[in-house]
Amino acid sequence: MQFATTAFQMDYYHHKVPDAAFPGWRGSSPELGDVWVSYPYQLGPEAIRSVVRGENIPTVLYDAKGAHVTSVMSMPTLNFGTLKVGEEEVAMSRNRLGLSQRGRALHMTYRTDTYMLWAIDTNYYAFARKPSGERTGVTIEVRQHAGKGRLPLMRNQCRTVTIDGHAEPTDLALAVMFSGVDCSTLTPGGAVKALFARGRDLIVENG
């Protein structure tokens, strides 16, 4: 079993494929090697995907599908999302009306592991695996900030990944995935906006 304990940086980049280029983040964990986060792959008119790949971590997919998905979305949101490690789905749940950071957290279960994701602010989130059996827990924090140089705004951004504990490959892959997901609804302001948006949508739907 491999573990990651050393902090590292992920820089903003464009992942190029034939006829397209996708934004994302890339960096290198001293223990687990290169890591890439790419988004959003258009799967159809109402479906987009973010992807995490790496040398020594599993591939993780996050899909968002539904009428709320538009062509101008920069990344998937937490609404109607599906998270997978390889072909295995990760169960997700959250309390949309939670009043605290932890109260609004996204809770996940993958095999026998339970995880929690919460927003510290709009550019800073934490991801934790709870202890189980003889395995200790781990907390991974990801913070976005401006890098060095005079590049255009987004290209000048980077994310620092810090690890408290021993992160297994799946822990790290899941943690960095949320660099490619819009998690603004986990913040106080985002939660309020989402509440009003849902109310507006219900009014429109009910005529």
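Predicted model: local features only at pLDDT ≥ 70, side-chain atom pairs only at ≥ 80, totals over all residues.

Biologist: What makes Tyr 12 and Trp 25 an aromatic pair, and of which kind?

Modeller: Their ring centres are 5.5 Å apart, and the limit is 6.5 Å, so they pair. The planes make an angle of 75°; over 60 counts as edge-to-face, so that's the name. Tyr 12 is in strand 1 and Trp 25 in strand 2, so the pair ties together parts 13 residues apart in sequence.

Biologist: Why is Tyr 12 called buried?

Modeller: Its relative accessibility is 16%, and buried means under 20%, so Tyr 12 counts as buried. Trp 25 has a relative accessible area of 1%, so Trp 25 is buried too.

Biologist: How do you know that the charged end of Arg 102 sits over the ring of Trp 118?

Modeller: The charged end of Arg 102 is 3.9 Å from the ring centre of Trp 118, and the distance cut-off is 6 Å. There's also an angle limit of 35 degrees from the ring normal. Arg 143 lies over the face of Tyr 124, at 3.9 Å from the ring centre.

Biologist: And what lines the second largest pocket?

Modeller: That pocket has a volume of about 390 Å³. It is lined by 23 residues, with Met 75, Thr 122, Arg 159, Val 181 and Cys 183 closest to its centre. The lining divides into 13 nonpolar, seven polar and three charged residues. Strand 9 gives the largest share, three residues.

How values were computed:
Residues numbered from 1 in each chain as written. Heavy atoms only, no water. 1 Å grid on protein atoms, 1.4 Å probe; cavity = no way out; pocket = protein on both sides within 12 Å on 5 of 7 lines; lining within 4 Å. Points joined across faces, edges and corners; volume = space filled by probe spheres on them. Helix = DSSP H or I, 4+ residues; strand = E, 2+ residues; numbered from the N terminus. Nonpolar A, V, L, I, M, F, W, Y, C, P; charged D, E, K, R; others polar. Phe/Tyr/Trp six-rings, centres within 6.5 Å; stacked < 30°, edge-to-face > 60°. Buried < 20%, exposed > 50% of the residue type's maximum accessible area, 1.4 Å probe, protein only.
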